[in-house]
Amino acid sequence: MNAILAFALRIILLILFYVFIGWISYLIYSDLRGSGRIGAGKATIPPIHFHFTDNDESIENIYTKSEIILGRDPASDLPLSDDRISLRHCKIAYYQNQWWVEDLGSTNGTYLNNALITSNIVLMNGDILRLGHQEIRVKMG
């Protein structure tokens with residue numbers, strides 16, 4: 001009788017162990033899915049609009065990618081023709097559910113609402129970026 005009881009207890013413990021492992025795995029999966037790391041598909045990035053004037057022409061560019069490079073380099077996402085702008089002047093990036101601007105070590109600096117940017121800073125709707133003599137109005141949504 002003792003052998004049958006010991007065997008039954010082992011089977012019950014084994015079943016409980018597998019239930020516990022399955023429960024932990026489900027919790028980890030649901031936590032990762034909720035944070036957008038797996039199974040949720042590509043996160044949607046809200047559009048950002050840049051409105052500026054170049055050679056007396058009003059230009060508006062709209063982007064929905066997570067990182068935008070502004071500069072004089074023709075390969076930049078937003079190429080600008082002002083000689084006071086560096087090749088890779090600044091970066092606009094979407095993370096933590098906000099748009100951020102970062103100066104990329106430009107020669108003449110990047111200004112946000114007439115204040116020199118010294119570190120990453122959050123962009124707000126209606127902000128004005130100044131790169132060289134170029135002023136760019138930022139609109140979100």
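Modeller: Before we start, two strands count as paired if DSSP finds at least two bridges between them. Please keep in mind as well that this is a predicted model.

Colleague: With that in mind, which residue in β6 is the bridge partner of C90?

Modeller: Strand β5, which covers residues 90-95, runs antiparallel to β6, and six bridges join the two. Strand β6 itself covers residues 98-103. The residue in β6 that bridges to C90 is D103.

Colleague: Which residue in the turn between β5 and β6 has a positive phi?

Modeller: The two strands β5 and β6 make up a hairpin, and two residues lie between them.

Colleague: Which strands stand at the edges of the open sheet of five strands?

Modeller: The order of this sheet is β4-β3-β5-β6-β9, and its pairing is mixed. The two edge strands, 78-79 and 121-122, each have a single partner strand, so one side of each is left without a neighbour in the sheet; they are β4 and β9.

Colleague: Which residue of β9 is the bridge partner of V101?

Modeller: Strands β6 and β9 pair in the antiparallel sense over two bridges. W100 stands opposite V122 in β9, while the bridge partner of V101 in that strand is I121.

Colleague: In the open sheet of six strands, which are the edge strands?

Modeller: Here the pairing is antiparallel, and the order reads β2-β1-β11-β10-β7-β8. The strands that pair on one side only are those at residues 57-63 and 115-116, namely β2 and β8.

Colleague: Which residue in β10 is the bridge partner of Y111?

Modeller: Strand β7, residues 110-112, is joined by three bridges to strand β10, residues 128-131, and the two run antiparallel. The partner of Y111 in β10 is R130.

Colleague: Is I21 buried, partly exposed or exposed?

Modeller: I21 is found in helix α1, which covers residues 2-34. Buried means under 20% relative accessible area and exposed means over 50%. The value for I21 is 38%, and therefore I21 counts as partly exposed.

Colleague: About how much accessible area does the nonpolar patch on the surface have?

Modeller: I21 is one of the residues that form this patch, and others among them are L14, F17, W23 and Y29. Taken together, the residues of the patch have an accessible area of about 1,100 Å².

Notes
Residues are numbered from 1 along each chain as its sequence is written. This is a predicted model: local features need pLDDT of at least 70, side-chain atom pairs count only at pLDDT 80 or more; totals for chains, interfaces and linings use all residues. Side-chain values use heavy atoms; hydrogens and water are left out. Patches are made of residues with over 30% relative accessible area and no salt bridge: like charges are joined within 9 Å, nonpolar side chains (Val, Leu, Ile, Met, Phe, Trp, Tyr) within 5 Å. Accessible areas come from the Shrake-Rupley method with a 1.4 Å probe; for residues, only the protein chains shown count as cover. A salt bridge is a side-chain nitrogen of Lys or Arg within 4 Å of a carboxyl oxygen of Asp or Glu. Helices (H or I, at least four residues) and strands (E, at least two) are DSSP runs, numbered from the N terminus. Buried means under 20% relative accessible area, exposed over 50%, partly exposed in between (1.4 Å probe, protein chains only).
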